[in-house]
Amino acid sequence: QVQLVESGGGLVQAGGSLRLSCAASGHTFSDYTVGWFRQTPENERVFVAAITWSTWSVAYTYYTDAVKGRFTVSRDSAKSTVYLQMNSLKSEDTAVYYCASRPRSSRDLRRFQSREEYAYWGQGTQVTVSS
């Protein structure tokens with residue numbers, strides 16, 4: 001059974017940084033994609049970033065335009081954990097952040113921006129950016 005557990009959310013001032021973690025377990029397949037999404041009470045859950053997790057020597061990543069240059073997604077295979085480093089945070093980054101996973105990866109992660117593409121979800125972690 002796949003489990004994803006997010007941590008690292010909190011309250012930070014605008015311009016500050018946070019690092020979210022997504023601890024993954026139970027994947028029985030060696031090739032999958034981990035995505036980060038965020039949701040506010042007023043809006044639907046939207047894509048933030050994704051990273052491949054496979055036997056490829058290179059991890060491919062993709063970001064929504066709103067976070068490019070500020071957020072970085074990475075993975076630690078030994079810890080089975082994916083990270084979302086968030087720098088230069090803005091008030092509009094305030095949301096509940098979710099990690100999700102899906103079987104199979106792609107070198108073109110633009111394909112996997114829809115939440116319907118992902119089969120497994122964590123419980124979410126709140127990020128609040130004060131201005």
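Colleague: How many helices and strands are in the chain?
Modeller: Zero helices and eleven strands. This is a predicted model, by the way.

Colleague: What pattern does the chain follow along the sequence?
Modeller: It reads β-β-β-β-β-β-β-β-β-β-β. The radius of gyration is 14 Å, close to the 14 Å that the globule rule gives for 131 residues, so the chain is as compact as a globular protein of that length.

Colleague: And what does the C-alpha trace span along its principal axes?
Modeller: About 40 × 30 × 25 Å.

Colleague: New topic. Which cysteines form a disulfide?
Modeller: Cysteine 22 and cysteine 99. Their sulfur atoms are 2.1 Å apart. The cut-off is within 2.5 Å, so this pair counts as a disulfide. The count for the model is one disulfide.

Colleague: Where do the two cysteines sit in the chain?
Modeller: Cysteine 22 is in strand E3, residues 18-25. Cysteine 99 is in strand E9, residues 95-103. They are 77 residues apart, so the pair links distant parts of the chain.

Colleague: Is the link right-handed or left-handed?
Modeller: Right-handed, with 65° about the S-S bond.

Colleague: Is cysteine 22 buried or exposed? What about cysteine 99?
Modeller: Cysteine 22 has 1% relative accessibility, so it counts as buried. Cysteine 99 counts as buried too, at 0%. Buried means under 20%.

Colleague: What share of the chain's residues count as buried?
Modeller: Of the 131 residues, 44%. The chain exposes about 6,700 Å², and carbon and sulfur atoms supply 44% of that area.

Colleague: Last one. How far apart are the mean positions of the positive and negative charges?
Modeller: 5 Å, for 14 positive and 11 negative charges.

How values were computed. Residues numbered from 1 in each chain as written. Predicted model: local features only at pLDDT ≥ 70, side-chain atom pairs only at ≥ 80, totals over all residues. Heavy atoms only, no water. Helix = DSSP H or I, 4+ residues; strand = E, 2+ residues; numbered from the N terminus. Buried < 20%, exposed > 50% of the residue type's maximum accessible area, 1.4 Å probe, protein only. Rg over C-alpha atoms; globule rule 2.2 N^0.38 Å. Areas by Shrake-Rupley, 256 points an atom, 1.4 Å probe, with all protein chains shown as cover. Lys, Arg positive; Asp, Glu negative; His and termini not counted. Charge placed at Lys NZ, Arg CZ, Asp CG, Glu CD.
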